[in-house]
Amino acid sequence: MNDVRRPRLLFLCRQLPWPLHGGAALRNYWLLAALAARYDVDLFAPGADPRPHPALAALCRRVRTFPPPRSAGRARRLLEGARPGTPYLLAGQIPPAMARAVARAVDAGTYDAIHLAELPTAPALPPGPLPPLVYDAHNCEHELLRRRARTERLLPRIALRMEAERVRRAERALVGRAALVTAPSAQDVAELARLRPDAAARAAVVPNGVDAAGHAACAEAAPEPGTVLVPGSMTWRPNRQGLEWFLAHVLPLLDSDGALRVRVAGRIPPALADRLRRIPRVTVIPNPADMRAELARAEMVAVPLLASSGTRLRILEAWAAGRPVVTTPAGALGLPSAAGVPALLAAASPAEFADAVRTLAKDAPLRGRLREAGLRMAAEHDWSRVGAALLAAYETVPGVGEPRAGRAPAGVAACAS
């Protein structure tokens, strides 16, 4: 008599998921954790360290990391991206050994489904038939590139528009192969669905989330009056552009208010950190071990962005920490309001942004209203609820959610090669 086993899932991403990292690694970790409750998950990702962290290994049946080839790096990406029709966004992201391992697993019929995290991971997929493919799009990438092009000067604008068209074709091909497409906002889902007439029936919103309980201590901490936190990875150009816009156009309008102090925290290149240290009333915190310490001391969080897609994880984290948020319309893109009550202030111009910061600094009742609305939004976006939304979306894929006949796995194992 055959045993009943859980379905087996291959989870592909371009960096190891981890809850204390931002961006893609954070989203991937929590979605992986949700899937591991129902599936036996094998995780394949690029990585130089063959030993997965025990917390990550505990979620997976198997973890395999694939060191990048010696030729990896910017030069290799430029060479691959120079091929006609190849988007730079996808070039050099996946080690050839990882792509070969995925092809072997597909040929062997090892998996009941494949979860592909982010468009740049797509080169890991072999051509030809696949088991049901779930594409988790962290952004509608070609639309993000088009928005970014509008913020650039002539030559970078032309280059980004050309890249956007190459990326659009890659996204269209991937959406066509996917049995299910998920994305963080209804806007991203709609933009991806426009790529193919039949895609809307195979698309679902799986929002970005936040560890609400993990930020509860921040929400109870007393902030330092007048402290404005600007968080984010400044190695990502839209974040860097937004910070430069804030420093050049918003900060001078706040100079007359000596009570306000700005803290810039996140992944910050050394040259930028040195420059920031020379700006009066600006403190720079490169690579903080835990952003929650910065959130706890902030009276408000500023998220200046000129182009974006998806939804901003740092806004969700600010909400969970009970901190009011000032952002731009681009920063608020894709975020709903809390039962019709605004959970942040969105300001389009430098003057409006500066006025919003000053108003928040002086208006304690407004800070309190935004705090309560933000906490409600954070609770609605807790990763546990996001995980439930992902599993519900998986249930729409025929045959993926049911147990399979066959020998049950001997146990959960973690290995690397």
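A: Leucine 154 sits in helix α6, which runs over residues 154–177. The model is a predicted one. With a relative accessible area of 53%, leucine 154 counts as exposed, because the cut-off for that class is over 50%. Leu154 also belongs to a nonpolar surface patch of about 420 Å², made together with Leu155, Ile158 and Met162.

The length of α6 can be checked against its residue count. At 1.5 Å a residue, its 24 residues should span 34 Å, and the end C-alpha atoms are 35 Å apart, so the two agree.

Other residues of α6 are covered. Leu160, Glu163, Ala164, Val167, Ala170, Glu171, Leu174 and Val175 are buried. The elements that cover them include the strands β5 (113–117), β6 (133–136) and β7 (180–183), along with the helices α5 (141–149) and α7 (186–193).

Two of these neighbours lead to further residues. Helix α7 holds glutamate 191, which is buried because its relative accessible area is 7%, and the limit for buried is under 20%. Leaving aside residues up to four places away in sequence, glutamate 191 touches Cys140, Glu143 and Arg147. The loop between β5 and β6 contains glutamate 118. Its relative accessible area of 5% makes glutamate 118 buried. Phi of glutamate 118 is near 80°, a positive value in a residue other than glycine. Most residues other than glycine have a negative phi.

Asparagine 287 also has a positive phi, near 50°, and is not a glycine. Asparagine 287 lies in the loop between β11 (282–286) and α11 (291–297). Asparagine 287 is exposed, with a relative accessible area of 52%, whereas glutamate 118 is buried.

Helix α13 can be read in a similar way. Phe353, Ala354, Ala356, Val357 and Leu360 are buried in α13. These residues cover an arc of only 155° around the axis, and therefore lie on the same side of α13. An α-helix has 3.6 residues a turn, so residues three or four places apart point the same way. The buried residues of α13 pack against the strands β9 (227–231), β12 (300–303), β13 (325–327) and β14 (345–346), and against the helices α9 (237–250) and α14 (364–380).

Definitions and conventions
Residues numbered from 1 in each chain as written. Predicted model: local features only at pLDDT ≥ 70, side-chain atom pairs only at ≥ 80, totals over all residues. Heavy atoms only, no water. Patch = residues over 30% accessible without salt bridge, like charges linked within 9 Å, V, L, I, M, F, W, Y side chains within 5 Å. Areas by Shrake-Rupley, 256 points an atom, 1.4 Å probe, with all protein chains shown as cover. Salt bridge = Lys/Arg side-chain N within 4 Å of Asp/Glu carboxyl O. Helix = DSSP H or I, 4+ residues; strand = E, 2+ residues; numbered from the N terminus. Buried < 20%, exposed > 50% of the residue type's maximum accessible area, 1.4 Å probe, protein only. Expected span 1.5 Å × (residues − 1). Contact = heavy atoms within 4.5 Å. Arc of directions from axis to C-beta.
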